[in-house]
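Visitor: Hello! Could you walk me through the inside of this protein, step by step?

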Amino acid sequence: ARLIDDLRTLSQAESGTLKLYREPTDLGIVINDAVASFRGQAGAAGVELSGAVDSNLPLLDIDPTRVREVLANLIANALRYTGRGGKIDIAAGMDSANGGIAVSVRDTGAGVPAEALPRIFDRFYKAPESRGTGLGLAIAKNLVTAHGGEIFAESEEGKGTTIRFMLPLS
């Protein structure tokens, strides 16, 4: 059922038919909820999970359910590749250079090989040892794009990965 839902979401997002239910939203609340929902899983895995949101962020006209889905996909991925004793930090703040809000999910996990980095947002692309479907990052990218934003990944093998996405103010 989850795979079917993921494929439907991805298909609708790619075709431009995904309906967003936008409303004025406090992104800090969405991030804190996402962090709280993964705190138990992170604790069981021996991974420190934290969230830091600038207190002066304006309300955003976003679909909070879909942005929470983006965060859930990014945090789940970070947990999958961060070993015991590692850290995952989620942060959000103003990005005055791009006129929006930047959100980052940074982990101290295994990192992504340089040759794989350009493909991590492709549907069905996944690491050989992954138990996932290879849809999570593709969905995240398409949901961010549907909001008028952009998503990027930086990684160094053995040192971790940072995924940043930008959401426009208007």
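Predicted model: local features only at pLDDT ≥ 70, side-chain atom pairs only at ≥ 80, totals over all residues.

Visitor: How many residues does the largest nonpolar core have?
Guide: Several elements give two or more residues to this core, among them helix H2 (27-45), helix H3 (64-81) and strand S5 (100-107). Leu 27, Leu 71, Ile 90, Val 103 and Phe 165 have the most contacts inside the core. The number of residues in this core is 41.

Visitor: Is Ser 104 buried or exposed?
Guide: Beyond its neighbours within four places in sequence, Ser 104 is in contact with Asp 89, Ile 90, Ala 91, Thr 162, Ile 163 and Arg 164. The cut-off for buried is under 20% relative accessible area. Ser 104 has 12% relative accessibility, so this residue counts as buried.

Visitor: How many charged residues are in the lining of the largest cavity?
Guide: The structure holds 1 cavity of 30 Å³ or more, and about 30 Å³ of space lies in the largest cavity. Its lining is made up of Arg 22, Asp 61, Ile 62, His 147, Pro 168, Leu 169 and Ser 170. By kind, these divide into 3 nonpolar, 2 polar and 2 charged. The number of charged residues is therefore 2, as Asp and Arg count as charged.

Definitions and conventions. Residues numbered from 1 in each chain as written. Heavy atoms only, no water. Core = buried A, V, L, I, M, F, W, Y, C linked by side-chain atoms within 4.5 Å. Buried < 20%, exposed > 50% of the residue type's maximum accessible area, 1.4 Å probe, protein only. Helix = DSSP H or I, 4+ residues; strand = E, 2+ residues; numbered from the N terminus. 1 Å grid on protein atoms, 1.4 Å probe; cavity = no way out; pocket = protein on both sides within 12 Å on 5 of 7 lines; lining within 4 Å. Points joined across faces, edges and corners; volume = space filled by probe spheres on them. Contact = heavy atoms within 4.5 Å.
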